[in-house]
Amino acid sequence: MTGLKKAGLIAAMVLGALVISAAIVMGRDAFTTGTAQPAQQMPWEVKALPGGSSQVLGLTLATMAAAPASGATEVKPSTLADAQHRWSSDFQMAVIAAPGETGTLEAYVESASIGLITGRLVLTAHATDAQIQLFREHAVKAEFMESTTRKYVLSTADQVMALQAPIIAVGFIPSAHLDAATIEARFGAPAQKLSGQTNLEYWLYPDKGLSVTIDHKGKELLQYVAPAEFDRLRKPLQNIKPAS
């Protein structure tokens, strides 16, 4: 190999390494530097919609509230089929039920890409008690998760029905750790802060339908519902004292 060809090969290898390194840094710092793909709706970009709904992560959340006031434009919510179309390579559905409960229809994406940000995505969809019971009876298998909570894997036939269910809540656990300063820089100051267990803090954004759980010893959790349904996020925290 001539010296000129060798120099060209080395230059190409160095350039490739720089490109890979840049991509890794961009993904890690997307929350703090804003370098993520602008075409994607990022976790901090919550769009309020008519009728008390909202759009988050490119999904329109359904509301269980009364019909919108006269003159408002009704918004069609996203379904689990819409989410599957977007994250088709890593999409699972199941009924999750604690003892004594009917359960909820949920979908999981273990590694969802939101622009250059990745994380675990949990989608909750609306299904009637009768549908949930049907899914449980037809489940191809049932297995324990944490404690006594059970996961019922849907049959192929029931998956077709479940995919039409509207999404009513979204949970996102970013792979990257988010500190309080980063969260406030991206989402703004919360309407209220609650202090739970020693390592947990809850930031509430009613106008966004958003609750951010800051875990000082683990991963953060972003939970979204339609703003009109924010009490569904606030109610489980009603006994937790405001942060000092």
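Which residues point one way from β11, and which the other way? L200, Y202 and L204 take one side, while E201, W203 and Y205 take the other. The legends below describe a predicted model, in which local features need pLDDT of at least 70, side-chain atom pairs count only at pLDDT 80 or more, and totals for chains, interfaces and linings use all residues. Residues are numbered from 1 along each chain as its sequence is written, and side-chain values use heavy atoms, leaving out hydrogens and water.

**View 1. Strand β11 (residues 200-205) is largely enclosed by the rest of the structure, because 6 of its 6 residues are buried.** Buried means under 20% relative accessible area, exposed over 50% and partly exposed in between, with a 1.4 Å probe and protein chains only. Strands (E, at least two residues) and helices (H or I, at least four) are DSSP runs, numbered from the N terminus.

**View 2. Here β11 meets its antiparallel neighbours, β10 (residues 192-195) through 4 bridges and β12 (residues 210-215) through 6 bridges.** Strands pair if DSSP finds at least two bridges between them. Look for Y202: L194 stands opposite it, and T213 is its bridge partner in β12. In the β11-β12 hairpin, with 4 residues between the strands, G209 has a positive phi near 65°.

**View 3. This view shows 1 aromatic pair.** The ring centres of F187 and Y205 are 6.3 Å apart with planes at 45°, so the pair is tilted. Phe, Tyr and Trp rings (six-membered for Trp) pair with centres within 6.5 Å; planes under 30 degrees apart are stacked, over 60 edge-to-face, the rest tilted.
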